[in-house]
Each structure stands twice: as structure tokens, then as C-alpha cells.
Amino acid sequence: MADLDKLDKNDARIPTVIADELHIVYRVNGAKTGKGSATSALSRIVKRGEERGVRKVHAVRGVSFTSYRGEAIGLIGSNGSGKSTLLRAIAGLLPAEKGKVYTDGQPSLLGVNAALMNDLTGERNVILGGLAMGMSREEIKARYQEIVDFSGINEKGDFITLPMRTYSSGMAARLRFSIAAAKDHDVLMIDEALATGDRKFQKRSEARIRELRKEAGTVFLVSHNNKSIRDTCDRVLWLERGELRMDGPTAEVLKEYEKFTGK
Amino acid sequence: MPDQAALLKTKVPLVSETTHDGGVAVSAAPSPDDGLSASELAAKYGLTVSGARPGLFEYVRQLWGRRHFIIAFSQAKLTAQYSQAKLGQLWQVATPLLNALVYYLIFGLILGANRGMEKSVYIPFLVTGVFVFTFTQSSVMAGVRAISGNLGLVRALHFPRASLPISFALQQLQQLLFSMIVLFIVACAFGSFPSLSWVLIIPVLLLQFLFNMGLALIMARAGSKTPDLAQLMPFVMRTWMYASGVMFSIPIMLKDKPTWIADVLQWNPAAIYMDLMRFALIDGYGSDNLPPHVWAVALGWAVLVAAGGFVYFWKSEERYGRG
């Protein structure tokens, strides 16, 4: 608390992310009517409409906030309230329908799942995942052993040279986390990544996330676990139906949120 | 460079990270920034719009920075294709070989499309045509799905989106290189042995790759907006294949039709690259089978489509995540 006040006095509150009246709309093809038959699709084409056969999902509605360097911000809200969408918009991965997001540097999501291929060996996935996150070949080479050791994949035999489809779901999740956590980020966003693997691995990943937080300027954390929010965040944004319902210190917002969810 | 500025600024508030634990009140303390609008505040601290499209040259630079990813991704896709099969990577060569066999059976033996050509020319002629056209065809098909089929990747990680279509075109190029092994065997089996003219294969492949990459970029943007193209394109591609003389010689087949039809067909890029490859590879397929200015046309198509496709794709860069 004291250090933050000190920062305020020095006017050192440097914004890292500014969201200005942000709206995000998903467009879903072929979901306009309940019926998915060919005839109904044809009649949609024949009938004139604004955008035929496309249903819009307004996932984030006019969210504004400013985050500052050194903050760890939790995002809470019920399922489908727009938390992950908001993170992706901040990262610049989803285009805004209206409004703007300004960021300092390149915010990145912690996660590399989509780049990995189940048919490839763990070894090649480490390299592919690293390259996909923008690491250089040398960086990956230097960190390769660290990643493999961290994942603990090789604790029960030489699994890293087997295709990832042969891994148990827990093993795969551990490797994915280890690859994703190998890179340092400016603005780091974590989307419920804490709950992978067994107890031992969870402890290790929590420690790694604390490390990453030290390196990063600002951290965003999406979680349904109020305890992990309380442990890591000093500010919380509460989203409900795509709207920002509350924005404030962790204790205050969580109290209201728990009242709301009836805990 | 915003990155350097960011690094300098990081030092100040790190202290706060280590000392606190539990909830810390972040009160909106009065500060000189209070009256500023979002855009003014952003401008003051040098923040940039997230997900904005970089300039064309900056984009090329970023893409170059991702060259290792592009190559690794294409190779990974190629390997993953046959990793479940017992014969494994042997299918890289077996698939084109079987393809060539089927076409030979139908067009060589049953339909007898080899009008006006020796058998020793027709078989390599046909196989070359099939392989070279397949290269373009699969680049287009992969291009259509490059963005729409990889939305998960696009919504999770930052990289110049052009990496995807380029990577898919590169995958098809590597696939073709495997097919070339079969092609060399077929050519030798029918009496066309390696000669100096085989060196021409390299520039032909290079030009066709440029052309295909441009097509893949165009199709990737179109396919991201209209995924239905994935259903439509097979028909377009088949029409294009039959119009390009994959299994027959255009000038011989269209002898008694007006000459402009044959000219148009022969100058279409697919026919140009096929003919050049045949000319380079097959002894009995001389330059009299090529349309005039064939190299200039081949280069023209490659540069036009590659540059045009790249700019066209880049123009929509910031919108690819929407799906």
C-alpha cells in the first residue's frame, strides 16, 4: 500500500493499457435461425436482409478502464460474461467493433495451445511453440532443457520424443504451460492457466507465474478461483453480460461479487 | 521504438510487486492526467492502438523476422500429414506416384488423349502436368482455409497473419519437391535423361511458387470473409485444370478453333508453368510447343500476383481475428 501511495505522489502512475468505450462483436455464420436445413438456408439467401445468415454476438459492450504499470488486475464474472474476449481485444487479437484499446508495447496472452500439433513429438512442439510465440531459434535452444525439465514430461521415461497425442491430458497440459511460460512478456495476460496438472505441478506453475509477474509491467488474470485472485491481484474488474459492473480494489469488488453469486 | 521506452519505464514500479500481498486499494488519486481523454492520455505516454495494422515495409520486416516460424510450421504440417500411417513419410512419394498411375490409366490407356504425341513424350507430359497443376491447386485450397481454419491460432498469438498462407504455400512446394522425385524417375523411364535443360526447373519452380503464394494470400483473405469459398473452389479449380491442358496439348486439341482461344488458354499462368516445366524436363517437347515470350509472361504473372496478393492480404491484416 505504502509503495503505491508513494508512486502516486511522484506522479509515476504510468498507464500501460487504456480501453476506451470498447465494443466487441462476434459474427457467427449459419446461426440466424434455429433450423439449419438447406431449405431455410436457401430462403435466407432469397430474402433480402442486412447480413444474411449471420448472427451477431455482442460480447463486450462499452468497457473503459486504464491500467497502470505495476498493477495486477483480476477479471471476474460468470461464464460467458466476456472476460476472455476482453483479454483478446487488449492483446489486439480481436478487432474492436467500436472504441479503441491503447497499449504500451505488445501485450501477450499466456498460451500457445493453438500452435501445437498433436501428431508431432513433444520435442518439435517445444520448438514450434517457441517460434510461434516469437522466440528466436537460439533462445529456444538455450531454454529447451529448462522447458522440458519444468514440464516434468521426462520424469517417467523418454516421453518428449513421442508424439503429443500419446500423452495423457495432464502431461499435455503441463507441456503446453511450460512452453507458454518460457517467454517474458511486457503486459502479460493469463486466462485460467493456473489449474493444470497435478498438485505438484500447480505449485510449480504458480511460482513461475509469480516470476513472470515480476518481469511484466502489468498482469491481467482471468479466474473463477476467488482465492487465486485475492492472492495475486490488487485490482479487480467485474464483467457481467459484457458490461463493466465494478472496477476497484480486490477486497471491495470480491465482496460484492460474492454477494451477487450468493456465496 | 516503443519497446525501448517500455523497458526504461519498467524499473520504477517493480518495487510494488514484491512488497505487497493481499488486496491493495488502488484509489483514483488526483493526478495531472485526470482531465485528459483516453486518446490524449495514450498520446502523452506513447501508447499505441492495440492490433493496429503496421505499414507495408514494417509488415515485411516483421514477416522476415518470423521466417523460422513460417518454415517450421510448413514442415510440421507436412510431417503431421502422414504421421499416423504405418508407411509414414513414404507416402510423400507414394501419393504422387499413385496419382500419376491413375491419370495414366484413364487418359493414356482408356481415353487415349495423347493425340499427336509419342507415348514416350505423352506419359511424362501428363505426369508433369498433373504434378505442377496440383501444386497450384493445393496452394489455393490451403490458402482458402489458411485463416478461417486456423482462427484459434490467430486469436491466441501475435504474428503477421501472412505467415499462415505463405507457410501453406511453402508446404505445397515441399510436397512438390517429393513429387519431383517421382517425376524424374518417370522422365528417365521414358527416355528423357538429365541434361543441361533440367537446370531450368529451378527458376520455373521459383516463379510458380511466387505465383502460388500470391494466390494463397488472395484466397486467404477472401476465405476469411467468406468461408463458403472452400466449398466452391474445387469446381473452379477443376474447370481451370481442364482448360489448362493438363492431359492434352492445347495447340493440337484446338487446331480447328479460332486461334485466340488457344492463345488465351496457353497464356494462362497454370499452362505457362506446366509448359515450361515440360520443356525443361522432356527431350521430345521442344520450344515449338511454347507460346511466344513465355519467360516474360511467367515472370509477369509471378510478380503481379505475388505483389498484388501480398498488398491485398495486408490491407485487411487487423481484421483477421474476427472470423
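Biologist: How many helices and how many strands does chain A have?

Modeller: In this predicted model, chain A has nine helices and nine strands. Of its 263 residues, 46% are buried. Among contacts in chain A that join residues at least 6 apart in sequence, 70% link residues at least 24 apart.

Biologist: What does chain B have in helices and strands?

Modeller: Chain B has 15 helices and one strand. Buried residues account for 42% of its 323 residues. Of the contacts in chain B between residues at least 6 apart in sequence, 81% join residues at least 24 apart.

Biologist: Which strands form the open sheet of chain A, and in what order?

Modeller: Six strands take part, in the order β5-β6-β7-β3-β8-β9 (chain A), and their pairing is mixed. At the edges stand β5 (108–110) and β9 (243–249) of chain A; each has a single partner strand, so one side of each is left without a neighbour in the sheet. On average, neighbouring strands of this sheet are turned by 20° against each other, direction ignored.

Biologist: What makes β8 and β9 of chain A a pair?

Modeller: Pairing requires at least two bridges between two strands. Strand β8 (residues 235–240) of chain A and β9(A) are joined over six bridges in the antiparallel sense, so by that criterion they pair. One of the positions concerned is V236(A), whose bridge partner in β9(A) is G248(A).

Biologist: How do you know that β3(A) pairs with β7 of chain A?

Modeller: Four bridges join β3(A) to strand β7 (residues 218–222) of chain A, against a requirement of at least two. These two strands run parallel. I73(A) has F220(A) as its bridge partner in β7(A). Four bridges also connect β3(A) with β8(A), again in parallel, and there L75(A) stands opposite L237(A).

Biologist: Why is β3(A) described as largely enclosed?

Modeller: A residue counts as buried when 20 or more other C-beta atoms lie within 10 Å of its own. Five of the five residues of β3(A) are buried, so the strand is largely enclosed by the rest of the structure. In a regular strand, side chains alternate between the two faces of the sheet. Both faces of β3(A) are covered, with A72(A), G74(A) and I76(A) buried on one side and I73(A) and L75(A) buried on the other. Helix α9 (residues 250–261) of chain A lies across β3 (72–76), β8 and β9 of chain A, and runs at about 135° to β9(A).

Biologist: What makes α6(B) and α7(B) oblique to each other?

Modeller: Helix α6 (residues 91–110) of chain B and α7(B) pack at an angle of about 125°, with their axes 10 Å apart. Angles of 65 to 115 count as roughly perpendicular and those over 145 as roughly antiparallel. The value lies between these ranges, and the two helices are therefore oblique to each other. Among the residues making this contact are Y103(B) and F107(B) of α6(B) and L126(B) and V130(B) of α7(B). α6(B) passes α7(B) in a right-handed crossing.

Biologist: Why is α7(B) oblique to α14(B)?

Modeller: α7(B) and helix α14 (residues 269–281) of chain B pack at about 135°, with their axes 9 Å apart. Roughly antiparallel requires an angle over 145, so α7(B) is oblique to α14(B). This crossing too is right-handed. The contact includes F125(B) and F133(B) of α7(B) and Y273(B) and M277(B) of α14(B).

Biologist: Which residues touch the most other members of the largest nonpolar core?

Modeller: Among the 156 residues of that core, they are L128(A), M189(A), A216(B) and Y273(B). Helix α7 (residues 119–148) of chain B gives the most to the core, with 17 residues. Setting aside neighbours within four places in sequence, A216(B) is in contact with residues including V140(B), A142(B), P165(B) and F168(B).

Notes:
Residues numbered from 1 in each chain as written. Chains lettered and ligands numbered in written order. Predicted model: local features only at pLDDT ≥ 70, side-chain atom pairs only at ≥ 80, totals over all residues. Axes fitted to C-alpha atoms, helices over the stretch in contact; angles between N-to-C directions. Contact = placed C-beta atoms within 7 Å. Buried ≥ 20, exposed ≤ 12 C-beta atoms within 10 Å, placed from the backbone. Core = buried A, V, L, I, M, F, W, Y, C linked by C-beta atoms within 7 Å. Parallel < 35°, antiparallel > 145°, perpendicular 65-115°, else oblique. Left-handed = near helix turned anticlockwise from the far one by under 90°.
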